[in-house]
Amino acid sequence: MSDTNNTIAGWVLGAGIVALGSYIITDTIFHADIPEGDKVGYIIEDEAPAGEAEVGPTMATLLASADESKGENVFKKCVACHTINSGGADGIGPNLYAVMGRQIGAAGGFAYSDALKSVGGAWTWEQMDAWIESPKKFANGTKMTFAGIGKAEDRAALLVYMNGQGSNIPLLEEPAIEADAEAEPTENVEAVPEAAEGQVEEVTAELPVEETPAA
Ligand code: HEC
């Protein structure tokens, strides 16, 4: 009986130790989980760009990094209706030489729709970007039967290419905040090599002193 009791007591104690052990392990895992919890936070951040228009790179940034030769490729979508060389003929759409900065719907000799003519103002980066994204939304009733280009990078490349064809209006300035953020690390990077150089000079200066007695 007493042996049985001891055995039972042993099992209870053993179970207690196992339980305590599991608790400690669980506790450890739980703590180890906390950094993963942070990673979960990143996943939430990944979801944020779903509203990309606001979270994504600004147009200024896209334009600054745009690839003009890629834009020339994108322009192939337009050549069925447009020429872009100087003095090129109007097709279904007007010649687009030097169109950036030009008045909207105002090239002489082309019969624009009232929808486009009534927009007013000049072709800025923002206006052209909106037009190419969705001609119909930009000027409801336009004669340009083109669905639009959804990818902001492709539009930026196209616009930079178009700008290179006789327009050359200045690129948009990138936001000052980004410029500051870039300036700070640059200063730090410069500071580090200076300090390192100082140390190297000291070490170099000591070396001959040590060598002199040996020689
Ligand atoms: C199916 C023919 C067609 C295609 C394809 C087309 N366009 Fe057009 N585009 C037109 C027509 C037609 C107009 C005149 C629109 C109006 O008057 O409403 C026009 C007008 C324009 C204008 C206004 C010009 C001005 O003088 O104000 C721009 C800029 C333009 N297109 C750029 C493009 C670009 C860039 C592409 C390719 C991504 C493109 N178009 C593709 C037919 C086309």
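Trainee: Where is asparagine 168 found?

Mentor: In the loop between α8 and α9 (176-214). Keep in mind that this is a predicted model.

Trainee: What makes asparagine 168 exposed?

Mentor: Its count of neighbours. Asparagine 168 has 11 other C-beta atoms within 10 Å. A residue with 12 or fewer is exposed. So asparagine 168 is exposed.

Trainee: What is noted about the phi of asparagine 168?

Mentor: The phi is positive, about 55 degrees, although asparagine 168 is not a glycine. Most residues other than glycine have a negative phi.

Trainee: Why does alanine 98 count as partly exposed?

Mentor: It has 18 C-beta neighbours inside 10 Å. Buried needs 20 or more, and exposed needs 12 or fewer. Alanine 98 falls in between, so it is partly exposed.

Trainee: Which residue follows α8, and what is its phi?

Mentor: Glycine 166 follows α8, and its phi is positive, near 85 degrees.

Trainee: How do you know that the span of α8 is close to the one expected?

Mentor: α8 has 13 residues and reaches 18 Å from its first C-alpha to its last. The rule is 1.5 Å times one less than the number of residues. That gives an expected 18 Å, and α8 is close to this.

Trainee: Which residues of α8 are buried, and what do they pack against?

Mentor: The buried residues include Arg155, Leu158, Val160 and Asn163. The buried residues of α8 pack against α3, α4 (68-74) and α6.

Trainee: Which residues are buried in α6?

Mentor: Trp125, Met128, Trp131 and Ile132, in a helix of residues 125-133.

Trainee: Why do the buried residues of α6 line one face of the helix?

Mentor: Seen down the axis of α6, they fall within an arc of 130 degrees, so they line one face. An α-helix has 3.6 residues a turn, so residues three or four places apart point the same way. The buried residues of α6 pack against α3 (59-64), α7 (135-138) and α8 (152-164).

Trainee: What surrounds the ligand?

Mentor: 26 residues, and the closest are Cys78, Cys81, Gly93, Tyr112 and Ser113. The shell divides into 18 nonpolar, 6 polar and 2 charged residues.

Trainee: How many helices and strands does the chain have?

Mentor: 9 helices and 0 strands. Of its 215 residues, 14% count as buried.

Note on methods: Residues are numbered from 1 along each chain as its sequence is written. This is a predicted model: local features need pLDDT of at least 70, side-chain atom pairs count only at pLDDT 80 or more; totals for chains, interfaces and linings use all residues. Helices (H or I, at least four residues) and strands (E, at least two) are DSSP runs, numbered from the N terminus. The arc is that of the directions from the helix axis to the C-beta atoms. Two residues are in contact if their C-beta atoms, placed from the backbone, lie within 7 Å. A residue is near a molecule or strand if its C-beta atom, placed from the backbone, lies within 6 Å of it. Ala, Val, Leu, Ile, Met, Phe, Trp, Tyr, Cys and Pro count as nonpolar, Asp, Glu, Lys and Arg as charged, and the others, Gly among them, as polar.
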